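Below is a short briefing on one protein chain. Please keep the sequence and the 3D view open while reading.

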Amino acid sequence: MSIKFTLPTNLSHLKLGEAIAFQGISDNGVTKVELLADDKFKLGETGVYDGTWTISYPFNRAGKRRIVANGLDANQQQISSDAVDVFFVGARQNELGIDIYSNNGDSIDWQTVKNSDISFAFAKATEGETFVDSQFAKYWKNMKAAGLIRGAYHFFRPLKDPKLQADNFLKQIQDLEIGDLPPVLDIEHYPEKIALEWQQVSLNQRIDIVQQWLDKVESATGRKPIIYSSPSFWDEYMKESQAFINYPLWLAHYTDKPEPTVPANNWGGKGWTIWQYTESGTVAGVNGFVDRNRFNSSFDDLVAFVKDSLIA
């Protein structure tokens with residue numbers, strides 16, 4: 001006994017404000033279908049007629065939603081289910097996101113986070129050659145379950161083998177999906193011990209080891225990675241190099257100005273893609289302070305950015 005969506009297809013882009021017809025098929029054992037959003041909000045229910053069913057529902061908030069169809073038998077017992085992830089696109093600019101690591105704790109309410117106008121989230125996966133963040137696997141799973149566009153980052157250690165660092169990261173993201181954000185390489189000089197490490201390698205060595213990590217991860221995932229850094233790091237350690245301007249920039253710059261300072265000649269004229277604008281933000285669902293971010297365009301452009309990161 002089974003149930004299956006026929007429309008919309010997985011990862012479809014749907015417009016806000018329109019009643020979306022969710023359609024499917026089922027066998028004779030399923031007599032009724034109930035439709036849920038994000039495994040929580042009931043959208044409607046209907047009977048099954050000649051093995052087919054349809055439930056229509058309008059959405060008024062942009063974002064990624066997981067739609068689940070549960071098939072019930074004549075005794076109202078669930079006997080089967082199917083799910084699709086869909087994107088509802090709207091006109092809001094500067095989609096909002098957060099990034100986290102184990103210090104943010106193990107009790108994040110991801111559904112509440114998403115309901116706080118958060119569209120995407122990054123989690124620290126690894127650092128150096130062997131370290132794995134203790135909360136990453138839990139965060140990674142729960143971000144997806146809540147319907148957030150998820151991403152993972154690696155904290156780079158300049159005195160460690162870049163290829164072994166890439167291997168460490170790749171082991172943790174083996175289930176990276178088409179709808180996930182591309183991998184991120186976190187390049188920075190904090191805390192102080194990391195700054196001391198960067199001082200022990202020349203500019204040419206810095207460019208080379210970063211490129212080795214990027215090349216290996218790009219080859220393994222088929223995705224063009226994101227570089228995370230700050231204006232101060234790029235000025236002091238990368239000497240405003242434009243060696244990596246073909247990679248999207250996730251910029252950390254905490255300022256009262258309406259726009260951040262973008263290094264490397266405005267990143268080769270391309271500007272920032274994601275801006276981490278505070279490390280002391282708050283979001284419902286997360287205890288204490290959390291890093292907050294903006295994507296430099298609308299939700300539909302965020303979805304397109306994810307898709308465009310795929311290497312042809």
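I118 sits in strand β10; helices (H or I, at least four residues) and strands (E, at least two) are DSSP runs, numbered from the N terminus. This is a predicted model, in which local features need pLDDT of at least 70 and side-chain atom pairs count only at pLDDT 80 or more, while totals for chains, interfaces and linings use all residues. Residues are numbered from 1 along each chain as its sequence is written, and side-chain values use heavy atoms, with hydrogens and water left out.

- I118 counts as buried at 2% relative accessibility; buried means under 20% relative accessible area, exposed over 50% and partly exposed in between (1.4 Å probe, protein chains only).
- Leaving aside neighbours within four places in sequence, I118 is in contact with L96, G97, I98, V113, L148, V283 and R292, where contact means heavy atoms within 4.5 Å.
- The C-alpha atoms of I118 and T130 are separated by 31 Å, and these residues are 12 apart along the chain.
- D117 lies in the loop between α1 (110-114) and β10, and has a positive phi near 65 degrees although it is a residue other than glycine.
- D117 is partly exposed, with a relative accessible area of 39%.

**Nonpolar core**
- The largest nonpolar core has 53 residues, and those with the most contacts inside it are I98, W110, V113, W198 and F244.
- Such a core is a set of buried Ala, Val, Leu, Ile, Met, Phe, Trp, Tyr and Cys residues joined through side-chain atoms within 4.5 Å.
- Beyond four places in sequence, W198 is in contact with residues including F156, I187, H189, R206, F233 and Y237.

**Q276**
- Q276 belongs to strand β16 (residues 274-281) and is buried, with a relative accessible area of 1%.
- The side chain of Q276 makes a polar contact of 2.9 Å with that of D99 and one of 2.4 Å with that of Y254.
- A polar contact is a pair of N or O atoms within 3.5 Å; within protein, one must be able to donate a hydrogen and the other to accept it, and residues adjacent in sequence count only if both atoms are side-chain atoms.

**Largest pocket**
- About 660 Å³ of space lies in the largest pocket, a volume being the space filled by probe spheres set on grid points joined across faces, edges and corners.
- A pocket is an open set of points on a 1 Å grid over the protein atoms alone, where a 1.4 Å probe fits, with protein on both sides within 12 Å along at least five of seven lines; lining residues have an atom within 4 Å of a point.
- The largest pocket is lined by 26 residues, of which E188, Y228, Y254, E279 and D291 lie nearest its centre.
- Elements giving two or more residues to this lining include β9 (96-100), β10 (118-127) and β16.

**Helix α3**
- In helix α3 (residues 162-172) the buried residues are P162, Q165, A166, N168, F169 and L170.
- These buried residues pack against β10, β11 (131-132), β12, β13 (184-186) and α5 (203-221).
- At the start of α3, a side-chain oxygen of D161 reaches to within 2.8 Å of the backbone nitrogen of K163.

**Cis peptide bonds**
- The bond from L7 to P8 is cis, with omega near -10 degrees.
- Y190 and P191 are also joined by a cis peptide bond, with omega about 0 degrees.
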